[in-house]
Amino acid sequence: MNAPTSTSTKSWSPQQTEIFNWFATGKGNLVVRALAGCGKTSTIIEGINHAPEDKILLAAFNKRIATELKDRLANPYAEAKTLHALGFGFVVRNWSGLKVDSNGERVRNHAKQACGNDTPDSIQILVARLATSAKEMAPFAKDQAELIDIQDSFDIFPDPDEYRGTGYDDLFVRKNALKVLEIAKHRDGMLDFADMLYLPLINGFTHGQFNLVCIDEAQDMNYAQLVLAQRCCKPGGRIVVVGDPNQAIYGFRGADSGSLDRLKAELGAGELGLTITYRCPKAVVALAQKLVPDFQAADSAPEGEVLSIPLGKLPEMVAVGDFVLSRKNAPLAGLCLKLLRRGIRAKVEGRGSARGRLPS
């Protein structure tokens, strides 16, 4: 069928146009490496307008983003969903009447079954934690060795002083986490967030239903999400993987930050880039190029300025109308108090204050 006609009057860059042309071909798989502020979402949505497929999925990282994408999609043959929502749909088509467990009750019950009632609660909790991470990062694990990296990454170990000589060691946790994975395959009236990914994969509930699958923010997806996205693509369909390893921030939640390179190899995909940022001033881009050499500022970007100042001088330089960004809250709390003492209205975002706020 013919692709929907784009109604956008926006001026697109050559990089974006090349991506649109790929969508229009109806052939092959693609990896798009999209750097910060390079119009990734707008580009993919417009690319979908050029696609000839009549069943298209735009896989979103979370529910809020999925809702936003739904509102922006103009192609009537496309829909935006989280992969958890997609996985949940696969499960309930096979197991009806399930209760969604948001408190971890299901995996704790399974850990107790695996370990036995006499096992200390703290050990059962470790087994449940490892099993939950394995559902998302190693859903097909059959051997303890496949769980070692997860155990190391998330420090899921018994206290050696407390449990030395009891048999409740690293191996015990891995062995019983594998048992939990086996128990979780069976229906018991509940499923949790990790099960929405794990159960469709391990029980073969998935089926190809989309001709084109676009995976947004792939660097923040875990392994189970990415496999689920691949499996919901029809044989002969196309997959577009979009992301930027430089923006991977969800490693603590099991994100597969190497997904772009792995999927490019697995899918035999071509690669296109979005490297021109429309968000950052030229001075900021010049600094970022020390880490990301192919990052480019748009010709229309302001020059901007990057300054380095001692932390102790910051309270003297901040004024109403400034926004201070910090990786942690603690430094902001101290700065906020110093500003308030000087009579400058300030607020730490998300924290209560009776004295107003710095506008962002």
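At 52% relative accessibility, Glu-303 counts as exposed (exposed means over 50% relative accessible area, buried under 20%, partly exposed in between; 1.4 Å probe, protein chains only). The model is predicted: local features need pLDDT of at least 70, side-chain atom pairs count only at pLDDT 80 or more, and totals for chains, interfaces and linings use all residues. Residues are numbered from 1 along each chain as its sequence is written, and side-chain values use heavy atoms, with hydrogens and water left out.

Glu-303 has a charged partner. Lys-282 forms a salt bridge with Glu-303, with the closest N and O atoms 3.8 Å apart (a salt bridge is a side-chain nitrogen of Lys or Arg within 4 Å of a carboxyl oxygen of Asp or Glu). Lys-282 lies in helix H13 (residues 282–288) and Glu-303 in the loop between strand S10 (296–297) and H14, so the pair ties together parts that are 21 residues apart in sequence. Helices (H or I, at least four residues) and strands (E, at least two) are DSSP runs, numbered from the N terminus. Lys-282 is partly exposed, with a relative accessible area of 28%.

The whole structure holds 17 salt bridges. One of them joins the side chains of Arg-238 and Glu-53 at 2.7 Å, N to O. Arg-238 lies in strand S7 (residues 233–243), Glu-53 in the loop between helix H2 (40–50) and strand S2 (56–60), so this pair ties together parts 185 residues apart in sequence. Both Arg-238 and Glu-53 are buried. The charged end of Arg-238 also sits over the ring of Trp-22, 4.4 Å from its centre. For this, NZ of Lys or CZ of Arg must be within 6 Å of the ring centre and within 35 degrees of the ring normal. Lys-81 and Glu-79 form a further salt bridge (3.8 Å, N to O). Lys-81 is partly exposed at 29% relative accessible area, and Glu-79 is partly exposed at 26%. A network of salt bridges links Arg-33, Asp-261, Lys-264 and Glu-271.

Five aromatic pairs are found. Rings of Phe, Tyr and Trp (its six-membered ring) pair if their centres lie within 6.5 Å; planes under 30 degrees apart count as stacked, over 60 as edge-to-face and the rest as tilted. Trp-12 and Phe-20 are edge-to-face, at 4.9 Å centre to centre and 90 degrees between the planes. Phe-20 is buried, at 4% relative accessibility. The ring centres of Tyr-163 and Tyr-168 are 6.0 Å apart and the planes stand at 90 degrees, so this pair is edge-to-face. Tyr-163 and Tyr-168 are buried. Ring pairs join Tyr-163, Tyr-168 and Phe-172 in a cluster.

Helix H15 (residues 329–341) has 13 residues. Gly-343 follows H15 with a positive phi, near 85 degrees.

Helix H5 (residues 105–115) buries Arg-106, Val-107, His-110, Ala-111, Ala-114 and Cys-115. These cover an arc of only 155 degrees around the axis, which puts them on the same side of H5. Their cover includes helix H6 (121–137), helix H9 (170–184), strand S5 (190–191) and helix H10 (195–202). Just after H5, Gly-116 takes a positive phi of about 100 degrees.

Terms used: The expected span of a helix is 1.5 Å times one less than its number of residues. The arc is that of the directions from the helix axis to the C-beta atoms. Contact means heavy atoms within 4.5 Å.
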